[in-house]
Each structure stands twice: as structure tokens, then as C-alpha cells.
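Colleague: Could you walk me through this one? I'd like to go over a few of its contacts with you.

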Amino acid sequence: MSFNLQRFWAVVVKEFIQMRRDRLTFGMMVGIPMIQLILFGYAINSNPKHLPTAVYAADNSPFARTIVWALRNSSYFDITREAHSTAEIKTMLAEGEVQFAVTVPVDFSRKLLRGEKPSLLLETDATDPAAVGFATAAINELTFFVLNHDLTGPLAKLRGTSPPFNLIAHQHYNPESITQYNIVPGLIGVMLTMTMIIITGLAITRERERGTMENLLSTPVHPGEVIIGKIIPYIMVGYVQVTLVLLAAKFLFDVPFMGSVPLLVALTFLFIVANLAVGITFSTIAKNQLQAVQMAFFFFLPSLLLSGYMFPFRGMPGWAQDIGECLPLTHFLRIVRGILLKGNGLAECASDLWPIALFVAVALAIAVKRYRQTLD
Amino acid sequence: MSVQQPITNHESLVTPDFAIDVRGVTKKFGARTVVNDIAMQVRPGEIYGFLGPNGSGKTTFLRMLCGLLKPDAGSGHCLGLDFRRESAEIKKRVGYMTQRFSFYEDLTIEENLDFIARLYAMPQRKLAVEKSLERLGMVERRTQLAGTLSGGWKQRLALAACLIHEPQLLLLDEPTAGVDPKARRDFWEEIHKLAAAGLTFLITTHYMDEASRCHRLGYIAYGNLLAHGTVDEVVKTAGLTTWEVSGENLSALADKIRGLPGVEQVVAFGTTLHVSGRDAEKLRASVAPFMSGAHGWTIIESGLEDVFISLMETAKDNFS
């Protein structure tokens, strides 16, 4: 049979009509590229600046002030906290409150004036090597000339080919800047987000699409029994995934396990529930399985890009960080990286647990409300 | 047909109760009234046929009876239980067979039956599944995936699954759509056997032969119950006069008489033509001039189909 233009055109026209009818798919076709454009174009920045920094100035001399001022001026560091002890700095880094901590030791100016080259301590939360690389380079650069204005007159001799003080950079949690240490634990969250949302979205939409839901609802089975019964097998699937990634992290990638694995497993439950809640909510909105997958993708894309999984969270503009803060993956990444790399306990995780819990509450409320409507 | 027999049997029973006894049942979807003020009484052991054009509200009514949809108005009892407040209890005693095959195609026959038996918390589940497989002659096919069954077998499986929890009332929504005549006949044999054993049926259908196999009928159009009773009662109440015309060139004749006063329907039935109307005198006056021709004219008893089409046409004028 020869290629007939009229027949071919009939198919083209029919496809366009169907495309127009499926509003959600049509919206996604336009919406997803727009979201990608906005996220990649405006939100992602692999050279993060204005990173939160704590300063512990045990020696509050003009030199120390100059250094702090210079840090701020470099645009890489925002002095957000003032610490009063090394212990305080440790907590701030563990909880992820600051990315950097600068300590000016007690005898800094005395040693400087004597030409003894004192040390300036820079501590870094290096769980994500990409987030700190540029900033660390910038501070290294600074050491050569930052004090030039202060070193005048008799002190001018301290200016030289080498900096007047030593910068001691202390990279915590991932001293060798191994990217895998950051990515592999994070993968647990990414995988759970993807499979849990798609699978639950499909599982319930499939019942409706195939007409089996009507049958199910005509039996004495309670909606709660249906939803929980459907979710349990996928929670188990989720834990199989978690186990696989953890085993790979340990034995293939040598990721350090600093914290408690049981704690991680326990906290993962809340994250799984959060994703299942999203999946159920989507399934109450989607009219067919294709739409459910599209909606899952619609949620997955910002989760991947704005959570700090692929790109440094703090490199993003404020609005993108605000969106990121709403996503459960963002908080779960902090928890899983915190436990595995920083050795955090429940107390340090708390600040990321409640946002996930809040998310679950909101998502479930929507799901339950929508589910009731779909009965009628 | 032995249709009338079971009714007289049941009237003599001591239980005067109705299996279904509801009134004023109304359901609106937005501004559209899908079921409008319907009353229905069905005796235990009765096969009640529920007829009406597509979209007339039959499925919605069935769904309200088994608690899938909440009625906007109405009261009454289903199996002695308040049909609005006790739908959870009603669900346990009712079997509902959906229009579309709604079991799991990726489960085997046995797994489907077992799943349903579990949902109804059957005390002797394995035994119930076994009995169900035997009764429907599916013991050898138990491990076959439901999705690979033919239409007739799917329908038998669906019926078996509806019966597994030994319900007292079965709501069957177009159970024989797309099923071949032999399988349909077997199906109705089964239905009559079960009804004789005391089960009550409410069945929707579009087939006239199936309608005449029911003990009683209800006809619904645009959400309104337009007629109900036995087949004879429905036909009699409709008061339709039908002429059967035989001869040559019937389609030319049909064109001529269609639209004349009193002529409400002109339908070709094989080699004959049925001309009907509710006003017998007007109809006779209109067709009289054509009787002198080569055609043979006889008055026949109106069929169910003539009656239903007439009811639907009238309903269209009144409600749409």
C-alpha cells in the first residue's frame, strides 16, 4: 500500500483532537518544559555564594574584624551567626545551620604582630563538596592580601610573598570531598520519592480505570482498609530499596556510616509515608494511569532539582529555597546525610522531621477529602 | 413460560416483607436529576427486571441500593435494613455485579474468588471458594487468569463471585451484555434456579426476551419510573394499539403513514410493519385509506418493545 497523505493527515488531526481533550496531559506538555526552564535557568547555580557562616572571634582585634569584613565582601560568606565556643560551632555545623565556621584564636593578633604566622581555622560542612569548593578557594585567595591595609608602617615587613597567617581548612564529614558520599545516601531519598509516588499513584488509579474500584466499594471493605492495604506492600518495597542502597553505599562506595542505621530506618518510615500520601493524593485527582505518572513526574522534577540532591541547596535564590523547604526530599536528604556522614542523632534531625510530618498531615488531609468526593 | 408461578408461591409465604421497599429515591448530579422520586417494591424470591434507555438512571439506582452512592432523598428498606443509614450492613447481604467486568484480570479465577471471600470475611473461606468453583464448573480452570477468559466465562465468574458470600439480594447491571445466546440462556436458567431457592434479583437489561423472563418489570426513562408490573400488566396499562402490515413495498408505505395523526410508531419487523398508537380510533382513521391496497392489515397484541419505545417517546416530550 502506498503512503496516502489523506489517511496520514486523518491520523494527525485525530491525535491533535485527543491531545486537546486531555487537558492535564496538555498542561503537562507545556508546564514541564516551563518548569524545567525556570528551574535550570534561574534556580540552579553550581557556584553558590552567600553561604551561612559562623564566626568565633576569640581574639576580637582589628585584624579579626578586617578578616570578617573581607569574608563578607567576597560575597561567598554571609556571617549569620556569632559563636562563643568551639562546642557551639560543632552543633551549628551538625545541624546544618551554617556551612562554614571561622575561628580566630585567642592569640591571633599577638602572634601576627610577632611575625609568628598564627593560624586561622576554617571549618567546613563538606557533605556536599560542590557547595564549598569555590568558597574555600576564595578564602585561600584572601589570605594573601586581606591584611595589607592594616599592615602599614613598621608592620609592612609582614606583607610578603607568603600570607601573614596560616589558613587551616578543616573539612568536616567528607574530608576527601568524595562526591559519592553525598550522592549515594541521597539516592535513598530520590529512589523512594520516585517509586513510592508513581506506584501508589498507579495502584489506585488502575483500580478505577479498570472498573475494579466499583466492585471493591460494593463489598463491605472500608476505604481505609483499601488504602492502607494497598500501601503496606509498597512500604515493604520501599524498605527493600533502602536496604539495597545502604548495602551498596557500605560495600561498593565505602560511604562512612557515622550514625545509627536503626535510627535512619525508623526516620525513613515518615518519609515513605510522606511520598505515599502524595501518591494517593495524585491518584484521587488523576483520571487515568498516564495522568498519574505525569503528575508524579511533575512532583519529582522540582524534588530532584530543588532539594539539594543534584545542586547545592544554598546556591539557589531565595524563592527556590522556599519551594525546596516545602518538599519532603529536601529534609530527608539532610536527615540521611546528617545521620550517615555527620553521625547525627535524633536531636539534630528534629529540625527536619517536623516539616516532613507537617507535609504528611497536609497531603493526607487533601487525599482523604478528595477520596470521599470520588465515592460519589 | 413458567414465570408467574414463583410469585403465587411467595405470596403464600408467611414473610410479608419486601426484599426491596423504597420510596422517593432521588439522586442529583449537579443540576441534573438522574433518579427522580422512584418507588420500588420487590418481593423475596422475585426476579425484577429493570429496563430503560441508556443513561436513564438504572445504574445510579442500583448503586444507591448497595450503598455506592448516597441518595439525595428517599426512604425505605432493603432486606429489612434502612437503606440510607445501614448501607454497611446491606453491603454484606447484597451481591452487586457491575456492568463492566470488574474483577482482576491478572489474578486467576480462584484468586479472584478467594479475594472476594476474604473481603466478606467468610468463616469457611476455602470451602466457599471450592463450592463456588464446583457449582460454576470452573474447577479445572481455577488457575486460569481471569483476563484470558471469554465473555461468557467472565460473566459466569462475575456471578460466582457475587454469590460467594451467599447474599439474599443480587443486583445485576446488564449482566448479559455481549454474551452469546446460548450462554445467556444458561445464565437465565441459573437465575431462575436461584430465585426459586429464595434469592431476590434486580436485573437491568436491554433485551426484550430477558425482560419477559422476569417476574415483574419496571421501566425508567429520564430518571422517572414510567411503568411497572408484570409483563401483561405493563402491556395492558400502556393501552397501545398495534397493527401488523404485510405485503410488498413496506418501506414506501411506512414513509406515507409516518407522521399521520395518531400514528406514533412505524417499525419494520422483518417482512412486516408494526404501526402503533395509543389512540385506537385516531390511528384507525389515519390508516384506513391505506387498507384498500395490496397490504394485509391485522390488529395484534402490542409487544414489550412497542410499549417501551412508546413510553420513551412520551417521556421525551414530558421530561427532557
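Colleague: Happy to start with the chains: how many residues does the contact take from chain A and from chain B?

Modeller: Bear in mind that this is a predicted model. By class, the side of chain A that touches chain B has three nonpolar, five polar and two charged residues. The contact takes 16 residues from chain B and, from chain A, ten residues.

Colleague: Thanks! Is helix 4 of chain B parallel, perpendicular or oblique to helix 5 of chain B?

Modeller: Helix 4 (residues 109–119) and helix 5 (residues 125–135) of chain B pack with axes 9 Å apart, at an angle of about 135°. Angles over 145 degrees would count as roughly antiparallel and 65 to 115 as roughly perpendicular. That angle therefore makes helix 4 of chain B, relative to helix 5 of chain B, oblique.

Colleague: And which hand does the crossing of helix 4 and helix 5 of chain B have?

Modeller: Helix 4 of chain B contributes residues including B:Leu113 and B:Ala117, and helix 5 of chain B brings B:Val129 and B:Leu133 among others. By class, this contact has five nonpolar, one polar and four charged residues. The crossing of helix 4 and helix 5 of chain B is right-handed.

Conventions
Residues are numbered from 1 along each chain as its sequence is written. Chains are lettered from A and ligands numbered from 1 in the order in which they are written. This is a predicted model: local features need pLDDT of at least 70, side-chain atom pairs count only at pLDDT 80 or more; totals for chains, interfaces and linings use all residues. Two residues are in contact if their C-beta atoms, placed from the backbone, lie within 7 Å. Ala, Val, Leu, Ile, Met, Phe, Trp, Tyr, Cys and Pro count as nonpolar, Asp, Glu, Lys and Arg as charged, and the others, Gly among them, as polar. Axes are lines fitted to C-alpha atoms, for helices over the stretch in contact, and angles run from 0 to 180 degrees between N-to-C directions. Helices (H or I, at least four residues) and strands (E, at least two) are DSSP runs, numbered from the N terminus. Angles under 35 degrees count as roughly parallel, over 145 as roughly antiparallel, 65 to 115 as roughly perpendicular and the rest as oblique. A crossing is left-handed if the near helix is turned anticlockwise from the far one by less than a right angle, and right-handed if clockwise.
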